[in-house]
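Here is a short briefing on one protein model. Look through the sequence and the structure first, then read the notes by topic.

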Amino acid sequence: MVSYEVSRKRWQESSKYLAGGVASSLRSSMKPLPIFVESAAGSRVRDVDGNEYIDYLLAYGPLILGHAHPVLTEKLHQAMQRGFTYGLQHDGEIELARKLTEILPCAEQVAFSGSGTEAVMLALRLSRAFTGKKKVVRFHGHFHGWSDSIFTAFPSGDLSAAAAAGGGVPPGTAGQSELALEDIILLPWNDEAVLEETLRTRGGEIAAVITEPVMCNNGCIVPKRGYLERMRELTRENGVVLIFDEVITGFRLGLGGAQERFGVIPDLMTMGKAMAGGIAMSAVAGKQEIMGLIAEGKVNHLGTLNGNRIATTAALATIGELEAGGGEAFARMERLASSLAQGLRELLAKHGIPGLVNRIGPVFHMMLINRPEVTTFREFSERDAAKYALFAERMLAEGVLVRPSGLWYVSTAHTDADADETLAAADRVLASLK
Ligand code: PMP
């Protein structure tokens, strides 16, 4: 029997001093308990009880090169000798900003911040300042960070719970400003007609449409054919800024992100997570005429640690590793994710457990659901989340770390042997779930 006794003791201790016992609320949902890490390298994590796991959580996305990648680690060591952060300018900022304008299709200029949440806040502010309008369209089932201006709950698969509350947008948390929620228009995603109707009738008050270009946070659902293109047309026609939140898809679906993959170019984008391979860094990028509001002094963009030496070094090293070999890293991650996803589908079938794996590039969502396909949040909400959480818990005991909600990430550090070991574990766990 696998033991988590040391983790359990640490959690009790942690809970005395750290609010909630974890540093980000989501982490407390891990079963049988939030585990404590001793160390991590490559595709593997070792916990304080000495258990080792193949890691598909990857810190909720950032670790595209795996843990403690040797080149990234070496470059960070070197950079640290020159000081960590200055509150002054340095060449690393220029080099990274220039590089991003070269690789991100929408990027004429960029701005740096520390987290995805902050980048989204800036993108929304720029959109309001640029259009002189207030409202923001966002989609049910997407996640854009935890700021008051955009956080919402998803109490039901459709929008009926929101409608029952008088059409109001359900807050993501207690303590959230009701005024901020009034500026949000919450729509179902992948529904062209609803978007068209909303932009045609209310375009005069809408500053921005913000979307995950792939609904990674809930189901890894890809846009229906023509949907993003139509979103692009409708936002343009109605003077609305189109923001792609590429905090997950940025550097994951290729260096140019989802916009490059789908060939639809937004006005603004946000990125974070994989951008600096596990060091805190995020960015907003986009059109000069919008980003230029910062230079004009109309939009304030602040942050003590923005663009620090550690973050820019990590981002440049991450880009360097992903670019090396002409994109071979992406092809390898995609091939591995594809064989894992296919292997999991076959195992679900073998054990007669209804389920689906939605994959794009090196990211996929495994869900236990009795449907031939899942293309909307409403459909996704029919999954058996509790049974999947049990699957995740048993996978942990088998030495495989997966997110309890179903999203898997693959890094450049994962190997074919990791995939084989993972599928063997999944075979045993699915057999136990029948
Ligand atoms: N946008 C998206 C699409 C995300 O997935 C996340 C984080 N899961 C965020 C924004 C917020 O990023 P952060 O946690 O770095 O604030």
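The expected span of a helix is 1.5 Å times one less than its number of residues. Helices (H or I, at least four residues) and strands (E, at least two) are DSSP runs, numbered from the N terminus. This is a predicted model: local features need pLDDT of at least 70, side-chain atom pairs count only at pLDDT 80 or more, and totals for chains, interfaces and linings use all residues. Residues are numbered from 1 along each chain as its sequence is written, and side-chain values use heavy atoms, with hydrogens and water left out.

**Helix α15**

- α15 has 18 residues and reaches 25 Å from its first C-alpha to its last, close to the 26 Å expected.
- Its buried residues (under 20% relative accessible area, 1.4 Å probe, protein chains only; exposed is over 50%, partly exposed in between) are Asp418, Ala419, Thr422, Leu423, Ala425, Ala426, Val429, Leu430 and Leu433.
- They cover an arc of only 170° around the axis, which puts them on the same side of α15; the arc is that of the directions from the helix axis to the C-beta atoms.
- An α-helix has 3.6 residues a turn, so residues three or four places apart point the same way.
- On the other side of α15, Ala417 and Asp420 are exposed.
- The buried residues of α15 pack against several elements, including α12, α14 and β14.

**Helix α12**

- The 23 residues of α12 (328-350) should span 33 Å, and the end C-alpha atoms are 33 Å apart, which agrees.
- Among the buried residues of α12 are Phe330, Met333, Leu340 and Leu347.
- The buried residues of α12 pack against α11, β11, β12, β14 and α15.

**The ligand**

- Residues around the ligand (a heavy atom within 4 Å) include Ser115, His144, Glu212 and Lys273.
- A ligand oxygen is 2.6 Å from an N or O atom in the side chain of Thr117.
- A ligand nitrogen is 2.7 Å from an N or O atom in the side chain of Asp245.
- Taken alone the ligand exposes 390 Å², and the protein buries 83% of that; the areas come from the Shrake-Rupley method with a 1.4 Å probe.

**Asn190**

- Where is Asn190 placed? Asn190 is in the loop between β6 (184-187) and α7 (192-202).
- Asn190 is buried, with a relative accessible area of 5%.
- A polar atom of the Asn190 side chain lies 2.7 Å from the backbone nitrogen of Lys224.
- Leaving aside neighbours within four places in sequence, Asn190 is in contact (heavy atoms within 4.5 Å) with residues including Ile221, Tyr227 and Thr375.

Methods: A polar contact is a pair of N or O atoms within 3.5 Å; within protein, one must be able to donate a hydrogen and the other to accept it, and residues adjacent in sequence count only if both atoms are side-chain atoms.
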